[in-house]
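I opened this notebook to look up salt bridges. My entries follow the structure below.

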Amino acid sequence: MLRLLIFICILQYSIGTILRGRILLDGDATKTVSIPAGSSCAVHFEDTSIPDMPAKDINATELSNLIGFPINYEMTIPNNLQPIFLYSLSVRITNGNTLLYINTVRVIVPITNGSLITVDIPVTNVQQNSQNVSKPVSSEDNGKYSWPEMLGKDGTLAVQYIKMKSNLTNVFTVPENSFITMDYRTDRVRVFVDNNNIVTKVPRVG
């Protein structure tokens with residue numbers, strides 16, 4: 001019996017912990033919206049422990065032949081992760097070179113001693129928020145604190161757009177895998193971009 005228990009413990013350690021859950025549109029499990037044929041979904045499990053440094057990619061899984069929401073995902077993560085560190089999930093759903101859905105909030109993964117962790121991931125539709133960058137300035141833009149219309153846009157253009165709309169000067173791009181400081185500043189806007197300089201999160205004051 002002792003040998004069997006030792007074998008089970010060794011087997012679990014070598015296999016790792018199962019991380020699974022659902023990808024939900026707007027975090028709503030009741031939304032069953034279809035996804036364009038040929039789209040794919042990449043789910044990344046990352047170490048985001050170090051402030052103002054790029055996240056460290058630990059594992060990832062890619063899903064294809066998507067039909068619609070909710071989307072089930074599953075991956076294996078190491079058993080030797082330390083609960084004192086911060087681990088997060090990120091999602092990108094694309095169709096060819098077009099970004100369709102992303103998560104716009106940090107999704108924390110709780111590290112436990114169990115063999116199964118379940119985390120649902122909310123995502124936002126990028127395309128429905130897309131607008132023309134050259135839209136004229138209106139008085140309604142004064143006092144605005146977020147710019148969802150910049151999702152999926154070029155980061156450089158987004159910075160220029162937000163500066164023009166808000167009259168703020170402390171507006172800059174940040175790599176999407178960076179773990180930022182939690183201080184709040186009313187004169188700052190961080191524009192998160194991917195490796196192609198495409199905005200992946202809603203820019204907001206803070």
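Which residue forms a salt bridge with Arg 22? I found Asp 120, with the closest N and O atoms 2.7 Å apart. I used this rule: a side-chain nitrogen of Lys or Arg lies within 4 Å of a carboxyl oxygen of Asp or Glu. Asp 120 sits in the loop between strand 9 (116-118) and strand 10 (121-125), and Arg 22 is in strand 1, 98 residues apart. I took strands as DSSP runs of E, at least two residues, numbered from the N terminus.

I noted the ground rules. The model is predicted: local features need pLDDT of at least 70, side-chain atom pairs count only at pLDDT 80 or more, and totals for chains, interfaces and linings use all residues. Residues are numbered from 1 along each chain as its sequence is written, and side-chain values use heavy atoms, without hydrogens and water.

Next I checked exposure (buried is under 20% relative accessible area, exposed over 50%, partly exposed in between; 1.4 Å probe, protein chains only). Asp 120 is partly exposed at 30%. Arg 22 is partly exposed at 32%.

I then looked up Asp 194. Its side chain meets that of Arg 92 in a salt bridge, 3.2 Å from N to O. Asp 194 lies in the loop between strand 13 (188-193) and strand 14 (204-205), while Arg 92 is in strand 6 (residues 87-95), 102 residues apart. Asp 194 is buried at 9%. Arg 92 is partly exposed at 23%.

Last, I recorded Glu 74 and Arg 20, a salt bridge with its closest N and O atoms 3.9 Å apart. Glu 74 is in strand 5 (residues 71-77) and Arg 20 in strand 1 (residues 17-25). The count by this rule is 4 salt bridges.

Terms used: Helices (H or I, at least four residues) and strands (E, at least two) are DSSP runs, numbered from the N terminus.
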